[in-house]
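Please read the following points with the structure open beside you, and take each one slowly. They are written as a colleague's note for someone meeting this fold of the chain for the first time.

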Amino acid sequence: MTTGLILPDFYRNPAHLVHEYNALFKAAWNFVGMRFELEGGHHRGVKVADTNLIIQLDKLGKPRAYRNVCSHRHAQLCDQGLHNGPVRCPYHSWTYDREGIPIGIPQQQAFPEVVANPAAYRLQEFACEAAGQFIFVRLSENGPSLQDYLGEEFDFLCRASTGMNSVHDEFRQDVEANWKVVIENSLEGYHVPAVHNKTFMQVEGMQRGYEAPIDHLEHPLHSHIVHPADPEWLASFERRVEPKLGKWHWRFAHYTHHLIFPNLTVTSFMGYSYHVQRFEPTAIDRTTVHSRSIGVGFEGQSAVGTKMLEHIYSDSKQFTERVFAEDGQICKAVQLGLSSAVNPAVIGHGIESRVAHFHRAYQAMLQAEAA
Ligand code: FES
Ligand SMILES: [Fe+2]
């Protein structure tokens, strides 16, 4: 057992969220979207901490991030979400190219300096890099490369990305709790019997018991678990389902859950579909969860296999929604408790070791920024 390092006040004091924005989220690499969503000239509005951004691919296909503010008279260029075509300001229709340079200016004779040197009026840019399909942004000017920041998770994300080709389910929904409550909830299975006894507890395919998952806490910031599939279930899946589904790029015989610090989780069972969730801290007691279920391509899939996959996807959509609602309710109850909590949390060995790891990572990151 250990004592929680993130004190109750850190979950409920609005001033502390501002501190996290400035110290933690600005220094970290933040997941902002998937690369395949931007192909074909799309752009995405996304908010990281208190900064509104636009993400798009440049002419060379490299992801770029710009401040979502028009160089003319400061209108926000687009809302959050995915948009078609080039960035065009809704106020006076200045249009920006993929490098963030204003190239279309109505009544351009009124702006000779801009027309003569448009690059001087480009959108402010932030560090933006990708690990496979996963695009990340760092707001602070200096810091590690994405690969150094991610460590072994860089290879995991690249490998998982190969073959990803579609979003088969996506939603954005609020949870009435601090973002750290929601992350911590995703890091342990200890609550499953109490909170998910009608959902997770009924799932087939996973080995039972608290002892089954293997924790990986080697990285100081990120962590993941590997939870082997039940051997009997797996044998029947291999016999009855897999030959029809066909082959996919990276097949493994377990469930895995990764936390990419601070607020991205990537989970998968066997690698034919990935659940990617971004936890946006919208207020001290509110988290917007952006959830994507991402499918991969198959080789040699039969018509029956395609039907099976449709069923798997639709079952998983319903399942995800129910589990999400159950976790949302309990996170809300935790936030209510935190509003008058006095003592630090008590964190169990083994079953909650990823929560303790998250607390250490959080504290280390804030201390590094303070130093
Ligand atoms: S504020 Fe954007 S074009 Fe005028
Ligand atoms: Fe849960």
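By class, how many residues in the lining of the second largest pocket are nonpolar, how many polar and how many charged?

1. The model is predicted, and the lining of its second largest pocket has, by class, 15 nonpolar, 4 polar and 3 charged residues. The volume of this second largest pocket is about 470 Å³, and of the 22 residues that line the pocket, V181, E184, V334, L338 and A345 are the closest to its centre.

2. The largest share, 4 residues, comes from α9. As a general point, empty space of this kind is found by rolling a probe the size of a water molecule over the atoms.

3. Where α5 and α9 touch, V181, V182 and N185 on the α5 side meet D327, I330, C331, V334, Q335 and L338 on the α9 side. The residues of this contact divide into 6 nonpolar, 2 polar and 1 charged. A student may like to find V181, V334 and L338 here, as these residues are also listed among the closest to the centre of the second largest pocket.

4. Another pair of helices to examine is α1 (residues 14–25) and α10, whose axes come within 9 Å and cross at roughly 75 degrees. An angle from 65 to 115 degrees counts as roughly perpendicular, and therefore α1 is roughly perpendicular to α10. In this contact H16, H19, E20, A23 and L24 of α1 meet Y362, M365, L366 and E369 of α10, and by class the contact has 5 nonpolar, 2 polar and 2 charged residues.

5. Two details of the backbone deserve a careful look, given that most residues other than glycine have a negative phi, and most peptide bonds are trans. A49, which is not a glycine, has a positive phi of about 55 degrees, and A49 is found in the loop between β3 (43–48) and β4 (51–57). F261 and P262 are joined by a cis peptide bond with an omega of about 5 degrees, and P262 has its place in the loop between β16 (254–260) and β17 (264–269).

Note on methods:
Residues are numbered from 1 along each chain as its sequence is written. Chains are lettered from A and ligands numbered from 1 in the order in which they are written. This is a predicted model: local features need pLDDT of at least 70, side-chain atom pairs count only at pLDDT 80 or more; totals for chains, interfaces and linings use all residues. Side-chain values use heavy atoms; hydrogens and water are left out. Contact means heavy atoms within 4.5 Å. Helices (H or I, at least four residues) and strands (E, at least two) are DSSP runs, numbered from the N terminus. Ala, Val, Leu, Ile, Met, Phe, Trp, Tyr, Cys and Pro count as nonpolar, Asp, Glu, Lys and Arg as charged, and the others, Gly among them, as polar. On a 1 Å grid over the protein atoms alone, a cavity is a set of points where a 1.4 Å probe fits but cannot get out, and a pocket is an open set with protein on both sides within 12 Å along at least five of seven lines; lining residues have an atom within 4 Å of a point. Grid points are joined across faces, edges and corners, and a volume is the space filled by probe spheres set on the points. Axes are lines fitted to C-alpha atoms, for helices over the stretch in contact, and angles run from 0 to 180 degrees between N-to-C directions. Angles under 35 degrees count as roughly parallel, over 145 as roughly antiparallel, 65 to 115 as roughly perpendicular and the rest as oblique.
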